[in-house]
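Good morning, colleagues. I would like to take a few minutes to walk through one structure and some of its helices.

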Amino acid sequence: MLSPVAIFHTLSKIVAHQPGLHTVQASVLNTSELEALPAIIAAAIFLLVFIAISFHLLHETAAALLGAAAVLLISYIWGTSDTSMALISFEEAMLFVDWNVIFLIMGMMIFVAVLAETNIFRWAAFRLYKASKGNVWRMLISLLILTAVSSALLNDVTVILLLVPLSIQIALAMDIHPFLFVIPEVLISNIGGAATLIGNPPSTIVGSHIGVSFLTYLVNMGPIALICILALFIVIRIQYRRELGNATSDIQGALMERLESESILRNLKTLRKALLLLTFTFVLFFASDRFGNLPPGVIALSGAALVIAWVRPEMHSMLREVDWTTLLFFIGLFIVVGAMDATGAIGWAASRIAVLAGQSADLASMLTLWISGIASAIVANIPFTVAALPVADFLTGSIPAAADSGIVYWSLILGADLGGNATILGSAPNIVAVGLLAQAGYRLSFGRFVRDGLPITIVTLLLSSLYLILRY
């Protein structure tokens, strides 16, 4: 298992051939670079993309690709007549794209697409209902544990897409409002996803950037994720005490039969093959240190290739289930943020935070955690995380204690993942769940989500603050 020092050394090797960190360091030494027109233009493009994504003015993928196109067109058209306006070359842009993240997410999406065909998620949710024997609190806890575990091992948006519709049906059958199940499921998906390298996008982005192994990530983030999950159970028990007290356990026989018929396992042969290869893939995740720190993206892509070769799904149908729009979104976003980094805009921001933190790793950690948490509560956490990475690089490189422990990176992960629980805009699962509820005829308002999500956000960020200070 990698030590924190080894993590930082690994990071140093990764960025040694990339322009990003060196640009940050140089721009911190000369913060007047922010006044240069290229830095202002790069920052303006990112800001426009950020606003378009966060306030749904454009589809997130369209916004990111437009931003990437603007960066490259300005670099090659305006940059031809004025070399200072060459924000970033195509070759540099490709270096800023974290292909490990792309292949990791794509590989796990292929696994989910194959497993979804077997109906295993709805089957598991219905079996949990039967095991709860109609007790609403037991049912809620069972659904939350299923959501947390699934979000830690698979794509959190896919988990919400698969579990929320059935949760709505069960809630209505038990004569309770669907919000009682759906809101906590969304909240715990963001918390559970923080437990592993392949859970939430911010976890994957930061973990891949620092070259941390699956096991090392789990050892560092698993304990605090578990603590936050237990805290969520306590908070929702208090928040929903009235709804829990008024719930009924009676379900009409006809409705029970319909729910059961919709939750039958299909394609058992496919299910066995997919689960076997998924287990093999996770064994490789845990054992990656033994193979020269085998990148998670390589492991996920290899597992996905094997499951395709063995199961032999109908390729066009299976590939339609892969969320290519998300992958293109990541590529475009990496390029836009890369232009900000290359022109020194992010370096300027890093210098401001570095001045506040001084040489205190704890202060740098707390600034990173709470700034990330607040920002992710207001705007989408994925673009924020990508933009904040170079800042975390500089803080880690300039504060010896932070370099030894990697505390700034862990703070960024927790802030981005947990802060996304405060508002609807904070993370993708929140938005997806709101859409699913609307399809079922239930409007989840911004204020209602904040009422339920903000308390657990504050509690988990406070717990994370204590965890980071005591552990690192």
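**A buried glutamate and the helices around it**

Let us begin with Glu-185, which is buried, at a relative accessible area of 1%. Please bear in mind throughout that the model is predicted. Glu-185 sits in helix 10, which covers residues 179-193. Which residues does Glu-185 contact, leaving aside its neighbours within four places in sequence? They are Leu-143, Leu-144, Thr-147, Ile-160, Val-164 and Ser-167.

Helix 25 itself runs over residues 446-471, with 26 residues in total. From its first C-alpha to its last it reaches 35 Å, close to the 38 Å expected at 1.5 Å a residue. Where does helix 25 kink? The kink, of about 35°, lies at Gly-453, shortly before the proline Pro-455. Gly-453 is itself among the buried residues of this helix, as are Phe-449, Asp-452, Ile-456 and Thr-457. Further along, the buried residues include Thr-460, Leu-461, Ser-464, Ser-465, Tyr-467 and Leu-468.

Let me now take one of these partners, helix 20. For helix 20 and helix 25, the axes come within 10 Å and cross at roughly 160°. Helix 20 is therefore roughly antiparallel to helix 25, as angles over 145 degrees count as such. The crossing is right-handed. On the helix 20 side, the residues that meet helix 25 are Asp-362, Ser-365, Met-366, Leu-369, Trp-370 and Gly-373. Facing them in helix 25 are Ile-458, Leu-461, Leu-462, Ser-464, Ser-465, Leu-468 and Ile-469.

Two further places deserve a mention. Helix 11, residues 201-210, is mostly covered, with ten of its ten residues buried. Among them are Pro-201, Pro-202 and His-209. After helix 11 comes Gly-211, whose phi is positive, near 70°.

Finally, I turn to Leu-37, in helix 3 (residues 37-54). Is Leu-37 buried or partly exposed? Leu-37 counts as partly exposed because its relative accessibility is 42%. Leaving aside neighbours within four places in sequence, Leu-37 contacts Trp-78 and Met-85. Leu-37 and Leu-87 are 50 residues apart in sequence, and their C-alpha atoms are 9.8 Å apart in space.

Conventions:
Residues are numbered from 1 along each chain as its sequence is written. This is a predicted model: local features need pLDDT of at least 70, side-chain atom pairs count only at pLDDT 80 or more; totals for chains, interfaces and linings use all residues. Side-chain values use heavy atoms; hydrogens and water are left out. Helices (H or I, at least four residues) and strands (E, at least two) are DSSP runs, numbered from the N terminus. Buried means under 20% relative accessible area, exposed over 50%, partly exposed in between (1.4 Å probe, protein chains only). Contact means heavy atoms within 4.5 Å. The expected span of a helix is 1.5 Å times one less than its number of residues. The bend at a residue is the angle between axes fitted to the seven residues ending there and the seven starting there. Axes are lines fitted to C-alpha atoms, for helices over the stretch in contact, and angles run from 0 to 180 degrees between N-to-C directions. Angles under 35 degrees count as roughly parallel, over 145 as roughly antiparallel, 65 to 115 as roughly perpendicular and the rest as oblique. A crossing is left-handed if the near helix is turned anticlockwise from the far one by less than a right angle, and right-handed if clockwise.
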